[in-house]
Amino acid sequence: MSGGKDTYPSAESREQLWQALIDGDETRAVTVVRRALDTGAAERVLLELIAPAQERVGLAWAANDITVAQEHAATSISERCVAAVADATAPSLEDAVAGRVLVACVDGEWHALPARLVSEVLRLRGWRVDYLGAQVPTEHLIAHVHRTGAQAVLLSSSIPTLLPGAHQAIGACRSVGVPVLAGGAAFGPQGRYARLLRAEWAKDASAAAALLGRNPTRTRAQAVRLPEQDLPHLNDQEYTMVCKTKPQLVKQTLVDVEEGFPAMRHYSAFQLDRTVEDIDFVVSYLATALYVDDAGLFHRFITWTADILAARGVPPWCLLPALESLLTQLKDFPRATGILGAARHLLTPPGPAQLA
């Protein structure tokens, strides 16, 4: 089942899987995957049928074409499809000869499907994989490394605000002599943050397998490093102060946003809760941009958020009062104000007619 004719999944099978995911039809989705396995290699079914379909689900949610419930249902079905591939190929994978690795999501990361896809690709290539799933605390990660003697750790994350925690996990692994491969959107364009945090970058499952093909070996344990040793800019304390004052920043920003966006005065309790959540995200992404010293991280978040709001009928310029409030509150923090000031120019200012 892992070989076959080694053909790409057809356009027809891709469309059939997509439709099954959107319809919430698990039986039909698994049937499409099993049929694809009859004519193509299992790895291609994982990476060129299931993975693109799931990516399309995410894009559809962002465009407001499907609901959150549909997105959750589709993701659950995609996980079942990956399991179907694993079940079909398990008899031929009894003897893992390449070595043993650990695959896990960074603590706080609940998007586990990419890590699962990587795990199955590595199994197909002869690795014994300990897949720990979503939201793995660093202390449990290290305990498992000690227990199993894994040759390498593969960390997955799609949420940039988890980068400080990822840094901690990478440092902990390196302190016990275990190399780390990092993957996922959280680590930035071309994996720039992976390298910044002293991990190797794997852009996808195939790249991860290729890196592991170099036969990584455990090295001598290293002394645990403080974040400031890898990221000297943290010595200015801007990241630390934004994190410490986050509750106050969010509270004051909410007050200022209501003044700058009058329509908010008519929000329901649900809408107000979502607004607080959005402001919390803004502050969290600002703090993370300070952590990695990259304004682009915050600007990509603001642009993405503006697109999400626009797709849901909310004017993107409603973010401006939040940015203005934070600029005022953080006026003594040059890196923060530089990031916020540049982000302000990414949004279209409202005209008089919009404010009326």
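**Helix pair α14 and α16**

I looked up how α14 passes α16 and noted a right-handed crossing, meaning that the near helix is turned clockwise from the far one by less than a right angle. The model is predicted: local features need pLDDT of at least 70, side-chain atom pairs count only at pLDDT 80 or more, and totals for chains, interfaces and linings use all residues. Residues are numbered from 1 along each chain as its sequence is written, and side-chain values use heavy atoms, with hydrogens and water left out.

Helices are DSSP runs of H or I with at least four residues, and strands are runs of E with at least two, numbered from the N terminus. I found α14 (residues 295-311) and α16 (residues 334-344) packed at about 35 degrees, their axes 10 Å apart. Axes are lines fitted to C-alpha atoms, for helices over the stretch in contact, and angles run from 0 to 180 degrees between N-to-C directions. For contact (heavy atoms within 4.5 Å), I listed A295, F298, H299 and I302 of α14 with I339, L340, A342 and A343 of α16.

**Sheet**

I traced five strands in an open sheet, ordered β2-β1-β3-β4-β5, with parallel pairing. Two strands pair if DSSP finds at least two bridges between them. The edge strands are β2 (127-136) and β5 (200-201). I then checked β3 (residues 152-156) against β4 (residues 180-183) and found four bridges; L155 has A182 as its bridge partner in β4.

**Helix α5**

I saw α5 (residues 113-124) pack on the sheet, touching β1 (99-106), β2 and β3. Its direction makes about 175 degrees with that of β2. Just after α5, I noted that G126 takes a positive phi of about 95 degrees.
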